[in-house]
Amino acid sequence: MAGSFFDPSWTLTTYPMFKTLFLAHNQDVNEKRREFTLDDLHALYHKFRRCGTYPYEFTGNTITLSSLTDGLVVVVYANEDAGSYFAVGLGYHLGQGWVHVVCDEHQEVHSWQSFGKSAYYRVWGARAEHARNMSKLRGTHLTRDTHFVKHAHLSRSIWAARVVWGRWELNNFRVMVDVEHCPGCCDGPCRMATRLNDWGSLDMPGLMNTTRRTYSLKLDGWLAEVDRCSGQRNSLGDYGDYVDGILIRTGNIFDDMRSLGIDPELPAYCPLVSRVSSDTRSEYYKTDQAGVTIAYHITGDARPALRQGRGISLPANERFVLLLKAFSTRLAGKHLVTTIVQCSDFYNVDREGNRMDSGDDIAPDSGMHDAERILTPFCAIASPQVWRREPPCVRRIEQFERIR
C-alpha cells in the first residue's frame, strides 16, 4: 500500500530499548504499622463494657493498624441491661487516620456481634469522608497538646459516647472512650471538637489539661511543668474554680473520700512520691550545695532553688481513675491539683548558683516548726477531661422550650 501511511523507502533509525526508570516514592518504613492504646476505663462506670471487635479480635488494650492500607477495626460497647450500644471505628484511608462513633440509633439490635458487623460496613463505606474530615483539621491552628473529641448522643438514653484522641502524626496513639450523662441538648447525633490535653510527660489519672505552666523540673526523670503557689496553700487533691490564674478552692478529693466512707489510706489511693531534679535547661546554673534543685522558668530570668525537694502526685491506677469519674457529675467544670512540690527551703540564686534573696513567700504547713518546716512552692493544676462538659446546643434548647 502506497501513500502517506506507508513509505517503503523509510528506514528505521531508532530501536526500542530497556532503561531503568527511578520514580519518586515517599514511603516511610516506620509508617507501616501503628499501635493504638485503648483507654476505656471510664466507660465501665455506667456499666458499659467492651464486648468485642470486628472484623478480628484482639486482646489487651493495644490495636495494630497499617497506615499504608485501608486498615479498620470496630470496637463494640454495650450496656445490655439498658439495651444501649455504640461502636468506635479506628481506621486509615490513603495514609490519613480517622476515628468515628456509630450509635444504634433506632435499629433493633439482636446481639453485639450483629451490631458490630453492621457498624463495620457503615464506616467502611464512609471511610473516605471520615478521612477527609480529619485532613481538614490540619489546616486549623493545632498545638502539640491538641486532642480531638467526638460526642455522640445515644438514642433513647440519657448517655452520650465521647471519644478523645490526639495527633497521630506526632505519635500520640492513645484513644480514650468515655460515657457521660447527656440530657439531649447536644447538637448530635455526632459532633467533633478540639480540646487540649497534656501527654508524653508525667503519668496522670486520665487525660488532663494543665493550666499555667511557667516553671519546669523533673520528677523521677520525667519532665513536669508546674507553677508557683505564691500566697496560696494548695494541697494535693484540692479542687475548685480556676479564675485569673488562681484556684478558688471548694473542696478536696481525699476529704470527700473520708466523708463517703472511703479510706484514702488504701494502697490504690496513696499519692506517689517522686525524686526532684533540675530541668536540663537549668543545669547551666551550677550549685555546689547537695540536695538543691534549680527550677527552670520559661523566660530564663528567674532561678528558684529548692532544698530537699520532693514531688507528690495523684495515683494513676484504675481505681483512682474511676474515682475521678464518680465525681464527674458533681465536680463538672472544676480544676484539680494533681501534683505538688515540697521542700525545706526555697530561694533564688544568681548565674553562679549563689544564694540571693529568699523566695519564701509561702507559709509553711500548719503545725510545723522552723527546723522541720515544709514549704509547697510549686503545684500543677489541671482540668480533668472527664470533668469537662460539651456546651449545649442553643438551637435544641430553644426547640425544647417551644415543646414545653
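**Reading aromatic pairs, burial and a sheet**

Tutor: A search of the whole structure finds 17 aromatic pairs. Rings of Phe, Tyr and Trp (its six-membered ring) pair if their centres lie within 6.5 Å. This is a predicted model, in which local features need pLDDT of at least 70, side-chain atom pairs count only at pLDDT 80 or more, and totals for chains, interfaces and linings use all residues. Residues are numbered from 1 along each chain as its sequence is written, and side-chain values use heavy atoms, with hydrogens and water left out.

Student: How is the pair of F48 and F86 described, and what are the values?

Tutor: A pair of aromatic rings is described by the distance of the centres and the angle of the planes. Planes under 30 degrees apart count as stacked, over 60 as edge-to-face and the rest as tilted. The centres of F48 and F86 are 5.7 Å apart and the planes stand at 50 degrees, so this pair is tilted. It links distant parts of the chain, 38 residues apart: F48 is in the loop between β1 (33-39) and β2 (49-54), and F86 is in strand β5 (residues 84-93). Strands are DSSP runs (E, at least two residues) and helices likewise (H or I, at least four), numbered from the N terminus.

Student: Are F48 and F86 buried or exposed?

Tutor: Buried means under 20% relative accessible area, exposed over 50%, and partly exposed in between (1.4 Å probe, protein chains only). Both F48 and F86 are buried.

Student: What is the geometry of the rings of F346 and F378?

Tutor: Their centres are 5.7 Å apart and their planes are at 90 degrees, so the pair is edge-to-face. F346 belongs to strand β22 (residues 345-349) and F378 to strand β24 (residues 375-384), 32 residues apart. F346 and F378 are buried.

Student: In what order do the strands β2, β4, β5 and β6 form a sheet?

Tutor: Strands of a sheet pair through backbone hydrogen bonds, either parallel or antiparallel. Two strands pair here if DSSP finds at least two bridges between them. In this model 4 strands form an open sheet with antiparallel pairing, in the order β2-β4-β5-β6. The edge strands, each pairing on one side only, are β2 and β6 (96-103).

Student: How many bridges join β5 and β6?

Tutor: β5 and β6 pair in the antiparallel sense over 8 bridges. G89 stands opposite H100 in β6.

Student: Where is H147, and is H147 buried or exposed?

Tutor: H147 lies in strand β7 (residues 146-153). H147 counts as buried because its relative accessibility is 1%.
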